[in-house]
Amino acid sequence: MADTVIEIERLTFKYVGRRQLTLREVSLNIRAGESVLVLGPSGCGKSTLALCLNGAIPHAISGDLRGAVRIGGLDTRRASMADLAQRVGIVFQDPEAQFCMLGVEDEVAFGLENLAVPRAEMDRRIDAALGMVGLGHRRHERIERLSGGQKQRLALACVLAQEPKILVLDEPTAQLDPAGTAEVMDLLGQLRAGGEHTLVIVEHRLDEVMPLVDRAIVFSADGELVADGPPREVIREHGDWLAEAGVWTPQVSELARDLEREGIALDPFPITVPEAVEALRPHARMLGSDGTRVGGAMNCAPTGSDPVGAQFIAPPCVAPASIPSVHIGATTTRRERAGVPILRVRGLTYQYPRAAAPVLCDVSCSIDGGEFVAIVGANGAGKSTLARLIASIVRPPRGTIEVAGRDVSQVPSAELARSVGYVFQYPEHQFVGRTVLDDVAHGPRRAGNSEGEAVALSEAMLDDFGLLRLGPAHPFTLSHGEQRRLSVASMLVLGQQMLLLDEPTFGQDQRNATMLLDKLEALAAEGRAIVAVSHDMRLVAERAQRVLVMVDGTLAFDGPPARLFADRALLRRARLVPPPLWDLGQRLGLSRPIVQPGSVRVGSGGAGPIGVGPAVQGAIS
Amino acid sequence: MKQFVWHETDSFLHRLNPLTKLALTVPVAILVSLIFEPLTPLAIAAVATVATWRFGAVPLMGIIRPLGFALLLGFGMFWTGVLYYAGQGADDPSIVPGPLHITEASLLYGLTMVSRTLAIFATSALFVLTTNPIDFVTALIQQARLPVRVGYAVFAAYRFVPLIQEELENVRAAHQVRGGTGGRGLLAQLRQSFGYAIPLLAISVRRAERVALAMDSRGFGARPARTYFRITTVTRSDLVFGVGAMAALAAIVGVPRVLGL
């Protein structure tokens, strides 16, 4: 076709030092003005494809490249990175690792200097680019003072100043809070509406990105292009495969596929919330005004104590359409077991040494054993500080935090580690062992267990987390999902009664996230307190029994997620965005959009777990 | 020491070429090391401080605070100087009653040490507080022919250092939550540091690679020539500053001596 801007011909790539091919015989043409979403399980070569498009492969990263990538007819192997930068701009995922200057305008200028743009022209270009991303007024700001969302917008401005026609975005919102994500998505929407750019987007927040794309391509785990077409068809036809491969799909599509399985075919098959509203409206009556509609994994009886190992191969359970409402197992039991206070926070005010103002202001709350609690809020609202104080990573003031009845500030950290586990956002931070087994055994050894006991305990733990066969491997060599599970396992091996987790679903594909959350629910059902600090509103809606909302250092809300999501003023104040299915329920005017956990389950499809807990719940119940 | 960084504003000193300001520290350092009495360096420190305040629009407290650090450092040097002075006049009778043997010569020596430290600190403060680090590296590239790659590596490092500090905090916290790596004593501490080093290294290398990739992706170093958004030049102001500074130094050193004070 005449207006093809990206031509990929039998592209095959292998990184130096890896045995496996990352991309395998990929052929693909992208036309000017198209907006293409790239999907695939983690490690399937999505980012590698992005790097091939702007010539970073093979210019900056070496490896074995075969086939060809042509950008506007220009072979990336022959063109210089500067020429390519004028054609293809790329925005990466880490807002902290794409800048090399201190000030906003200097950063934008950096790219222009590289292209030897005459100085007289720079001013205009910097202004235009910052204006496009809505940062015109921050031109003289220092980068470190920008929020995450603003940093990503700046990264986009830097690229736009170089005036490329193709923009590649590699998970641009992965590290942002909900408000930051919305900022970036809005901006992408504007660029798309402008019609001047071709967009290639790698993203796992599917509900948000779907309105922005008109084509989806799917890679398999071994780097082959397995599907290519309009997003609706791709998601509909390959839904089972995608679910099985652990690829995130729009939540509304998961719902639609569940309904389809029950004999309710939605037409057209929805991939965005507004579409789902339209498609479900005729069925709204049947959905029940009391909001007790059921789906997928709903009536799979949870058996709280199932080990996490073998769940995800199980076929989805199909709920008979006639069941009006189900209150099952885990929830009630958990409620009954609750009542053992593990954590009590009283009047906690905390100010970092040398800080101008306190990060936390008079926070009080208590958490019982058996609870699954989420702490949410915008970046900088104090949620991580709260979690760190509880784990005594940052020493709390005397008399403010009690864990199991003991003042945390008076307990030595090695001892506290036996009752409180803290799982870091990046698992690599916390690995101390040279092998997986060693890493888990570290805790028991330090706690004075004999070597035999330590190994036995650790092996049992690894077995429980499906990691036993990886015992001799180095923790750094594990996959994202395995690392995350290991980081949780080693924080539980001493029988810790409370587990704090910082962004547990970060960087996890759907299958791993589901598996992990099921495990956490099972742990809560055993009577432990699970506290997750997260931006993931889906996690909050589907898993948390209680949610604590932090706004500017104060605890602004403490209650069930359903009440949070119904309170628009609070959501705005806390800079939170409700998850897609909640949004859907509200737009459909269902009277009780989310009831207590367990009443409605909309399964996550083929990979939906049976056993431990609800898969996706509270959809339109 | 957190305060000892660029004070972001606009002033006569801010508009100078960073290298001119840096160059001033050289004659000052030579001068104070040749002069053996406390008053001249003290006068230099005072003039530099007033200049930074008046011509650099830095609040007086912003200059005095880092100088306070110098004074603290100087205090140590003062006592070392006073107590261990072994030059001419070291055996004179003590000028204070009590067990301390302090002579006039040793007191003078201690005071000289302090005022030298202050002079060098005050001159450096004039440079550091009024210089945007970006401008400094730009001037090194444009006037001192520092290779572009090296210059931008410095920029990147500037952004990078606080990030790595944050990562180190994370790793340390994670180890603490895991109950530490055991034991007190030097060996245990060494082992502990080693435990931090590996994850920190892995994380830093990955971050650095990402920054490099982002820079390459924007065409860094792909063209033989580059243009500059910020231009640092040597202007008449630099000349004025240079001549003024030299005149001031000459006056401080010369006038009392000519007058035979």
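Colleague: On what conventions do the numbering and the confidence limits rest?
Modeller: Residues are numbered from 1 along each chain as its sequence is written, while chains are lettered from A and ligands numbered from 1 in the order in which they are written. Because the model is predicted, local features need pLDDT of at least 70, and side-chain atom pairs count only at pLDDT 80 or more, whereas totals for chains, interfaces and linings use all residues.

Colleague: What share of the residues in chain A is buried?
Modeller: Chain A has 24 helices and 20 strands, where helices (H or I, at least four residues) and strands (E, at least two) are DSSP runs numbered from the N terminus. A residue is buried if 20 or more other C-beta atoms lie within 10 Å of its own, exposed if 12 or fewer, and partly exposed in between, with C-beta atoms placed from the backbone. Of the 621 residues in chain A, the buried share is 58%.

Colleague: How many residues of domain 2 of chain A are in contact with domain 1 of chain A?
Modeller: An automatic or database domain assignment supplies the bounds, giving domain 1 (4–229) and domain 2 (330–419 + 498–559) in chain A. Taken over C-alpha atoms, the centres of these two domains are 36 Å apart. With contact defined as C-beta atoms, placed from the backbone, within 7 Å, seven residues of domain 1 of chain A meet a set from domain 2 of chain A that numbers five.

Colleague: Which strands lie at the edges of the six-stranded open sheet in chain A?
Modeller: Strands count as paired if DSSP finds at least two bridges between them. The sheet has mixed pairing and the order β6-β7-β8-β3-β9-β10. Each edge strand pairs on one side only, and these strands are β6 (88–91) and β10 (225–229) of chain A.

Colleague: Which residue of β8(A) stands opposite Val36(A)?
Modeller: Strand β3 (residues 35–39) of chain A runs parallel to strand β8 (residues 198–202) of chain A, and four bridges join them. β3(A) also pairs with β9(A) in the parallel sense over four bridges, with Leu37(A) opposite Ala216(A). On the β8(A) side, the residue opposite Val36(A) is Val200(A).

Colleague: Which residue in the turn between β9(A) and β10(A) has a positive phi?
Modeller: β9(A) and β10(A) pair in the antiparallel sense over four bridges, and Phe219(A) has Leu225(A) as its bridge partner. The two strands form a hairpin with five residues between them, and the turn residue with a positive phi, of about 80°, is Gly223(A).

Colleague: Why is helix α11 of chain A described as largely enclosed, and how many of its residues are buried?
Modeller: The buried residues of α11(A) pack against α8 (206–209), α9 (231–237), α10 (239–245), α12 (273–280), α21 (537–543) and α24 (580–587) of chain A. Among the buried residues are Val252(A), Leu255(A) and Leu259(A). Helix α11 (residues 251–261) of chain A is largely enclosed by the rest of the structure because its buried residues, out of 11, number nine.

Note on methods:
Contact = placed C-beta atoms within 7 Å.
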